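Please read them with the coordinates open.

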Amino acid sequence: LGMTSIMVIHQPRYSLFTLFDEVLLLGKGGETVFLGSSLEAKEYFENLGFEMPQNENPADWFMDVLSGEVHNDRISNFKPDMLFEMWRRRHERQDLEAGAGPNGRLLRSATKSRVLSPEEDRAILWQNLQEGWDAVDTNKDGVMDEEELKELLAHCAAMVPTDEVVRELMERMAPADDKAVTKKQFVDYLSSLSDDVARDEKLREADATGVTGPHARQPLASMKESSDEDSTTYSSDESMSSIGSANSATSLQEMSPDRPGFMKQFQILTLRRLVQWWRMNRQRGIFVVALALGGVVLAILDGYITKTPSWDAMAYLNLHTCLALLLSIFCLSVFGNDQPVFWRESASGINVQSYYVAKILVNTVDVVLMTFVFTTVYFLIRQPYISYWRFIIPFIFTAYTAAGWGYFISTIVPPQHGPFIVSLVSFIICGLLGNPSTLANFMDIPVMDIAVSAISISRWAVQMSFLIAFDHMDPHPTDPRQEAMLNTYKGVYVVDGESYGRTIGIACIWLFVMGFVLRILSFLGLKFTNRSKQV
């Protein structure tokens with residue numbers, strides 16, 4: 001994704017430790033003990049008077065030093081908190097050596113990263129190569145054939161190169177007729193890699209044919225030399241400005257990372273989200289248990305305590321409100337838990353569409369799972385006189401829309417306020433606006449009818465559940481109170497001149513559009529809110 005990676009790691013093996021460019025070692029209390037190259041940490045502590053035993057893992061030894069378990073020969077009364085002052089003194093000394101002022105740190109970094117001369121580079125390469133060469137060159141003939149070169153590369157790089165790579169290197173290091181590489185050819189080739197164009201045998205053969213040559217590389221060398229000289233003159237200030245702007249633009253363009261597109265980032269982010277999803281089993285389990293308990297309580301209440309009919313709209317209102325409330329609270333975590341991470345990644349160029357779609361896609365698994373658990377538990381205990389698959393359809397749409405509310409609210413409010421706001425919204429749009437006893441009053445006012453239809457989940461979900469149950473059971477209650485209640489529900493949910501199937505289809509469309517709009521709004525909220533924190 002073209003971003004800097006920061007990792008907190010505890011006591012890795014040294015081969016992994018040295019793969020980090022920079023390491024920060026913290027002592028007790030969180031104060032800095034060392035900050036710099038991973039390769040310089042061991043030398044730093046040894047210069048302080050600590051001695052590392054042979055065959056000791058340096059990464060483990062660092063931890064022992066930080067905790068005060070390593071004896072210091074120079075400091076008899078050594079305590080771990082002394083390391084903080086030692087680091088501060090070293091820092092101040094480097095500042096003085098590099099030069100005081102606001103640019104002191106930059107000068108110190110420049111001094112520390114001095115560019116090696118070609119002679120020094122060759123000497124270091126020759127010294128580092130000697131151990132690996134002697135280990136592989138068992139016949140002591142001073143040259144390497146393909147198999148020996150492959151073994152040498154594997155010894156130095158900790159990975160086995162392919163035969164094609166070895167053959168390519170052989171052709172570049174040694175003349176075409178040679179079947180082996182000398183140590184000098186090996187070092188010469190590696191040293192030349194720091195130049196603009198590597199000096200290898202293939203290039204030398206091409207130069208001999210006239211296809212390439214020093215004349216073709218002269219413009220590059222001339223540009224490099226002229227850029228290092230301060231005596232360059234220009235015909236006017238305008239030309240110097242235009243050249244400087246062009247060079248700056250080119251440099252910035254070259255420095256910009258080549259980030260992958262939507263699909264590539266989507267694959268990476270989906271995989272990352274799946275890993276995070278697997279790590280959320282405990283949190284997911286809590287919500288699954290809460291939904292299961294909710295289904296058990298409501299089923300026992302409806303079936304055995306109040307003994308409400310299976311077609312009772314109020315019972316369905318309680319079911320849909322409970323499911324919508326718990327799912328919308330659960331979905332707050334999708335975009336609310338890692339907002340600082342998203343702001344940082346967004347500023348680094350992450351594709352917001354890929355991030356959003358990956359999050360929503362993986363979270364859909366949880367939404368479906370929890371809906372299935374809730375409805376199954378209630379259905380098994382309550383035993384309504386309809387098929388399970390017809391019973392669950394309205395709840396799928398409720399879950400889909402309630403998840404949209406959770407996504408939307410999590411992108412526009414701080415995480416600590418999300419549960420309260422979601423609870424309030426669920427109470428209003430489900431428990432209040434969708435109550436069949438008051439819904440008839442809202443539907444008599446055109447403006448309220450449109451508003452309730454546009455935002456209330458239970459307005460449509462309870463209608464679907466009631467019509468499915470009524471159509472399947474065709475109830476004829478003998479109790480006057482139940483008969484009056486049934487007539488009230490029919491007056492609210494049954495549309496004159498329309499079949500039940502058409503009315504249910506319209507309700508599905510309303511809930512689908514509602515959930516879709518909420519997802520669009522949540523994407524816009526993710527992308528455009530908190531803009532100051534994304535740059």
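The points below cover helix packing, cysteines and backbone phi.

1. Basis. This is a predicted model, where local features need pLDDT of at least 70, side-chain atom pairs count only at pLDDT 80 or more, and totals for chains, interfaces and linings use all residues. Residues are numbered from 1 along each chain as its sequence is written, and side-chain values use heavy atoms, with hydrogens and water left out.

2. Helices α18 and α24. Helix α18 spans residues 388–412 and helix α24 spans residues 500–528. Their axes lie 8 Å apart, at an angle of about 20°. Axes here are lines fitted to C-alpha atoms, for helices over the stretch in contact, with angles from 0 to 180 degrees between N-to-C directions. Helices are DSSP runs (H or I, at least four residues), numbered from the N terminus. α18 and α24 are therefore roughly parallel (angles under 35 degrees). Their crossing is left-handed, meaning that the near helix is turned anticlockwise from the far one by less than a right angle.

3. The α18 and α24 contact. Contact means heavy atoms within 4.5 Å. On the α18 side, the residues include Phe397, Tyr400, Trp405 and Phe408. On the α24 side, they include Cys508, Phe512, Met514 and Arg519. The contact residues divide into 15 nonpolar, six polar and one charged. Nonpolar covers Ala, Val, Leu, Ile, Met, Phe, Trp, Tyr, Cys and Pro; charged covers Asp, Glu, Lys and Arg; the others, Gly among them, are polar.

4. Helices α14 and α17. Helix α14 (residues 281–305) packs on helix α17 (residues 352–382) at an angle of about 25°, with axes 8 Å apart. That makes α14 and α17 roughly parallel. Their crossing is right-handed, which is the clockwise case. The contact holds 16 nonpolar, three polar and four charged residues.

5. Buried means under 20%, exposed over 50%, and partly exposed in between (1.4 Å probe, protein chains only).

6. Positive phi. Most residues other than glycine have a negative phi. Lysine 307 has a positive phi of about 50°. Lysine 307 sits in the loop between α14 and α15 and is exposed, at 60% relative accessibility. Aspartate 474 has a positive phi near 45°. Aspartate 474 lies in the loop between α22 and α23 and is partly exposed, at 43%.

Key
Helix = DSSP H or I, 4+ residues; strand = E, 2+ residues; numbered from the N terminus. Parallel < 35°, antiparallel > 145°, perpendicular 65-115°, else oblique.
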